[in-house]
Structures are given as structure tokens and as C-alpha cells.
Amino acid sequence: MLPWKRVLRPLTALLLSAAAIALPATAAHADTATHSGWNDYSCKPSAAHPRPVVLVHGTLGNSVDNWLGLAPYLEARGYCVFSLDYGQLPGVPVFHGLGPIDQSAAQLASFVDQVRSATGAAKVDLVGHSQGGMMPRYYLKFLGGAAKVNALVGIAPDNHGATISGLTNLLPYFPGATDLVKVTTPGLADQIPGSAFLTKLNAGGDTVPGVHYTVIATQYDEVATPWRSQYLSGSDVRNVLLQDLCPLDLSEHVLAGLSDRIVFHEVANSLDPAHAGTTTCASALS
């Protein structure tokens, strides 16, 4: 029989490789980079769009790579757009969202206050992909975020955990594997269904009063699986299946957040429901 260390190494590598599909594989990256109209702290929200939008990247993503599609899309529509890096591990550049998620939520809390102070806005809207659509719920529920956030839009969020197409179900067959993941990448361990973090997050209900929730899921998701587990229950929740908007849309977990303009159109609808337009396959050209 092989020593357990030899077994655990490839398993851990497999878990990290599978989780890596949750981020865009682009070369551009930076830590809280400044862009034209994106992370521009001189931007003042307009009467049409009075709340800044804070974009929250997914596991192994960062403030730039995850948003090369959506940030310019929203900026071109008149929004003040900001994005942050969170969940950094020492010595691990670029690939973030790996730290303990409760600590990541505290980073989000500080960033939201920074954006509110710079823009003068009383509240922000949050848009997150994957972990970035789930982690803010901790901020809303436990760190006072509900008073500072109008809406949370989750793109393929792992609200009740991510089985990664069943891969995490293999962990019990390898003694010590779960503990190894907890020690090396606690942010991944927190997303395993049944983790202490998720149990605390979802106890007593998925939502908090005063916040508008939207979940945009795709039936082809291979990370936040099963995909129906992304949906939230509670007041003021709108759960949307991408294929109900456009049956021809084959986007999976990555593309839904990276480049799918049908998703982007529905995000814009969620940010400004009073002026929402019907999202269809044609929205890919909008």
C-alpha cells in the first residue's frame, strides 16, 4: 500500500486544479488595480445609478482577472465600479480567495466602507462570482453589512457548498485529506458542503431583511454542484436559471462570470430593476 502522503499529494493537487476552473485563465492581474472608470475613487454615482457596484471575485481569482468582461460592461452603462482582492495567502500572488472565508468577509467590510467614504454613497450593490457570491452573505449576516448594502447578485454562487462535480465526496476515503485542505487552503475547506463555516452561514435562514438577493445559476455548472444548491430561500430572493433566459446558452461556471453577456444583462437588470429589460438570447449582442 502506498504511504498516505503519496496519496494525499495528488488528491490535493486534483482539488486545487478542479477549483482553478472557478477563475478566468488570463494573464492580466494586479492587486486592487486602478482602471479608467473602474476602481476610480474620483467616480461619483449618478442620479440614474446612485449606488457604487462592488465586484467580489471567486476562488483563485483576483480583482482584475475575474472582471475583465463585467466591469467594463457596467462602467459603460454609467456605474461607478470597484473590485477588491481578498483571501490572500502568504507567498501566493495573484490567486486569491484561499484564506478563511470569515476573514475574507471582514476584508470586504473594510473595502465597502472605503468605497462608501470615497463616493459618498450610503449603500453599495455587491456582485460576486462563485465564492464571491456566497462570502458576502457572511458580511451581511454577521458583520453589519445589511445596513450598507442594497443588493447582492450572485453569479454561480456556492451558497450551500461546492462538491466540484462530486470530487469532494472522495475526501472521506483518504484519511487526513480534509485536515490537509483546512491547513493549506482554509478557503477551500470552508466551501465543502457541511463545513462549520457553511453550517453557521446558513443556520436560521439564507437571507437577512433589507437586502435584495439575486442568484444567476447555470445548469452546466461543474463547480458549484449540484447547481440547484446555489439557490437561496427567504424573503426578497430571485433565483434565475440562465437556460430559462436563453436555452441555447451553454456557459458553465467560468464563462458565466467571465464573458457571458446574457448573464451581464441580467446582472444589470438586478441592479436597476425599475428599468429592467427582458433578457433573452439576443442580450448577448446588447
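Visitor: How do you know that Cys 43 and Cys 80 are joined by a disulfide?
Guide: Their sulfurs sit 2.0 Å apart, and a disulfide here is a pair of cysteine sulfur atoms within 2.5 Å, so Cys 43 and Cys 80 count as one. Keep in mind that this is a predicted model, where local features need pLDDT of at least 70, side-chain atom pairs need 80 or more, and totals for chains, interfaces and linings use all residues. Residues are numbered from 1 along each chain as its sequence is written, and side-chain values use heavy atoms, leaving out hydrogens and water.

Visitor: Which parts of the chain does the pair of Cys 43 and Cys 80 link?
Guide: Distant ones, 37 residues apart: Cys 43 is in the loop between α1 (4-19) and β1 (53-56), and Cys 80 in the loop between α2 (70-75) and β2 (81-84). Helices (H or I, at least four residues) and strands (E, at least two) are DSSP runs, numbered from the N terminus.

Visitor: What is the handedness of the link of Cys 43 and Cys 80?
Guide: Left-handed, with -85 degrees about the S-S bond.

Visitor: Why is Cys 80 called buried?
Guide: Buried means under 20% relative accessible area, exposed over 50%, and partly exposed in between, using a 1.4 Å probe and protein chains only. Cys 80 has 2%, so it is buried; Cys 43, at 17%, is buried too.

Visitor: How many disulfides does a search of the whole structure find?
Guide: Two. Cys 246 and Cys 281 form a disulfide as well, with sulfur atoms 2.0 Å apart. Cys 246 lies in the loop between α9 (242-245) and α10 (253-258) and Cys 281 in the segment after α11 (261-271), so this pair ties together parts 35 residues apart in sequence.

Visitor: What makes the disulfide of Cys 246 and Cys 281 right-handed?
Guide: The torsion about its S-S bond is about 100 degrees, so it is right-handed.

Visitor: Is Cys 281 buried or partly exposed?
Guide: Partly exposed: its relative accessible area is 30%. Cys 246, at 4%, is buried.

Visitor: On to the strands. How do you know that β1 and β2 pair?
Guide: Strands pair if DSSP finds at least two bridges between them, and β1 and β2 have four, in the parallel sense. Leu 55, for one, has Ser 83 in β2 as its bridge partner.

Visitor: Which way do the side chains of β2 point?
Guide: Val 81 and Ser 83 point one way, Phe 82 and Leu 84 the other, and all are buried. In a regular strand, side chains alternate between the two faces of the sheet.
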